[in-house]
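I opened a new page for this protein and wrote down what I looked up, entry by entry. The structure comes first, then my notes.

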Amino acid sequence: MIKTLKGVKEFVGLEEVTKLDFLLMLFAEVLGTFLLVFIGCASCITWITAKSPSVLHIAFTFGLAVASLAQVLGPISGCHVNPAVSFGLMLSGNCSFLKTVSYIICQCCGAIAGSAVLKLMLPTEIETANSLGSTTLGAGITAGQGVVMEGIITFLLVLVVHAVTDPKRTDVKGWAPLAIGLTISAAHMAAVPLTGSSMNPARTLGPDVVRGEFSNWWVYWVGPLVGGGMAGVVYRMGLRSNREDDEGSYDF
């Protein structure tokens with residue numbers, strides 16, 4: 001009974017969120033998501049009609065932005081900057097319920113602020129033509145296909161996040177930001193033409209709220225949250241490092 005109550009207490013995380021340091025963590029999530037959406041969505045803007053940003057350009061902007069933010073904010077809040085990441089970490093037991101909810105709220109606020117500031121930076125005609133870098137389904141892509149694609153790429157992202165932050169994995173120390181950034185770049189290169197490669201509900205929410213348009217918005221919540229949640233469960237059940245014997249591994 002005592003063990004059960006302790007487990008419930010840790011899952012809820014009331015003690016954690018009442019500490020003063022938690023405010024700094026929340027600020028880090030707001031700031032991180034603000035910068036991610038502002039910089040990432042800015043890379044999607046077409047300034048010359050005949051010369052739109054390439055998929056490679058967008059992919060590396062988002063990937064490098066997250067890698068940079070993870071290097072700075074990782075030690076403070078974990079630099080989730082993504083509701084799907086927080087949700088996946090909660091299901092794997094690495095993030096309490098109240099912390100997850102608080103993070104998601106802050107991430108959404110940061111994303112909306114990032115989109116709002118980006119809108120102020122752009123001439124009206126440029127902003128209107130580019131939809132603030134909002135994510136949309138590609139030509140011929142159904143909502144169901146979009147959910148599956150977003151789920152798969154977010155599954156990969158959250159799986160990598162778990163792997164590189166696993167305290168028992170000594171082979172990845174110091175490489176977490178780069179690994180996560182490259183994962184995001186790879187996913188963008190694959191999915192930008194299909195769904196815009198959101199893999200982050202807050203990243204999609206920001207431009208949608210500022211523009212006041214919510215076309216297929218649920219695709220970019222359901223897909224990433226299901227994919228991220230599945231990654232958290234899968235990693236906890238069978239992929240996390242718990243072996244003493246490293247024989248036959250790729251831990252160089």
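**Entry 1: S197**

I began with a polar contact of 3.2 Å that joins the side chains of S197 and H188. A polar contact is a pair of N or O atoms within 3.5 Å; within protein, one must be able to donate a hydrogen and the other to accept it, and residues adjacent in sequence count only if both atoms are side-chain atoms.

Before going on I noted the ground rules. This is a predicted model, in which local features need pLDDT of at least 70 and side-chain atom pairs count only at pLDDT 80 or more, while totals for chains, interfaces and linings use all residues. Residues are numbered from 1 along each chain as its sequence is written, and side-chain values use heavy atoms, with hydrogens and water left out.

I placed S197 in the loop between α9 and α10. Helices (H or I, at least four residues) and strands (E, at least two) are DSSP runs, numbered from the N terminus. S197 counts as buried because its relative accessible area is 0%. Buried means under 20% relative accessible area, exposed over 50%, and partly exposed in between (1.4 Å probe, protein chains only). Leaving out residues up to four places away in sequence, I found that S197 touches E150, I153, A187, H188, A191 and V192. Contact here means heavy atoms within 4.5 Å.

**Entry 2: S43**

I then turned to another serine, S43, which is found in the loop between α3 and α4. S43 has a relative accessible area of 7%, so it is buried. A polar atom of its side chain lies 2.5 Å from the backbone oxygen of G40. Not counting residues up to four places away in sequence, S43 touches P53, H57, I58, T61 and F62.

**Entry 3: the nonpolar cores**

I looked up the cores next. A nonpolar core is a set of buried Ala, Val, Leu, Ile, Met, Phe, Trp, Tyr and Cys residues joined through side-chain atoms within 4.5 Å. The largest has 33 residues, and L36, L157, I180 and I184 touch the most other members. Two or more residues each come from α3 (21-42), α4 (55-77), α5 (83-91), α8 (143-165), α9 (176-195) and α11 (219-239). Which element gives the largest share of this core? I found that α8 does, with 9 residues.

I picked out I184, in helix α9. I184 is buried, because its relative accessible area is 8%. Not counting residues up to four places away in sequence, I184 touches F62, G63, V66, L157 and M199. I also checked D208, 24 residues from I184 along the chain; their C-alpha atoms are separated by 21 Å.

There is a second, separate core of 9 residues, including I45, L118, I126 and A202. I126 sits in helix α7 and is buried because its relative accessible area is 14%. Apart from residues up to four places away in sequence, I126 touches I45, T46 and W47.

**Entry 4: helix α6**

I checked the length of α6 (residues 97-121). The expected span of a helix is 1.5 Å times one less than its number of residues. For the 25 residues of α6 this should give 36 Å, and the end C-alpha atoms are 36 Å apart, which agrees. At the N-terminal end S96 caps α6, with a side-chain oxygen 3.3 Å from the backbone nitrogen of K99. Among the buried residues of α6 are K99, Y103, G110 and L118. The buried residues of α6 pack against α2 (14-17), α3, α4, α5, α10 (201-211) and α11.

**Entry 5: two positive phi values**

Most residues other than glycine have a negative phi, and most peptide bonds are trans. I noted V81, with a positive phi near 40°, in the loop between α4 and α5. V81 counts as buried because its relative accessibility is 3%. I also noted L132, with a positive phi near 55°, in the loop between α7 (124-130) and α8. L132 is at 1% relative accessibility, so it counts as buried.

**Entry 6: the largest pocket**

Which residues lie nearest the centre of the largest pocket? They are V161, H162, V164, T165 and I180, out of 43 lining residues. α4 gives the most to the lining, with 6 residues. On a 1 Å grid over the protein atoms alone, a pocket is an open set of points where a 1.4 Å probe fits, with protein on both sides within 12 Å along at least five of seven lines; lining residues have an atom within 4 Å of a point.
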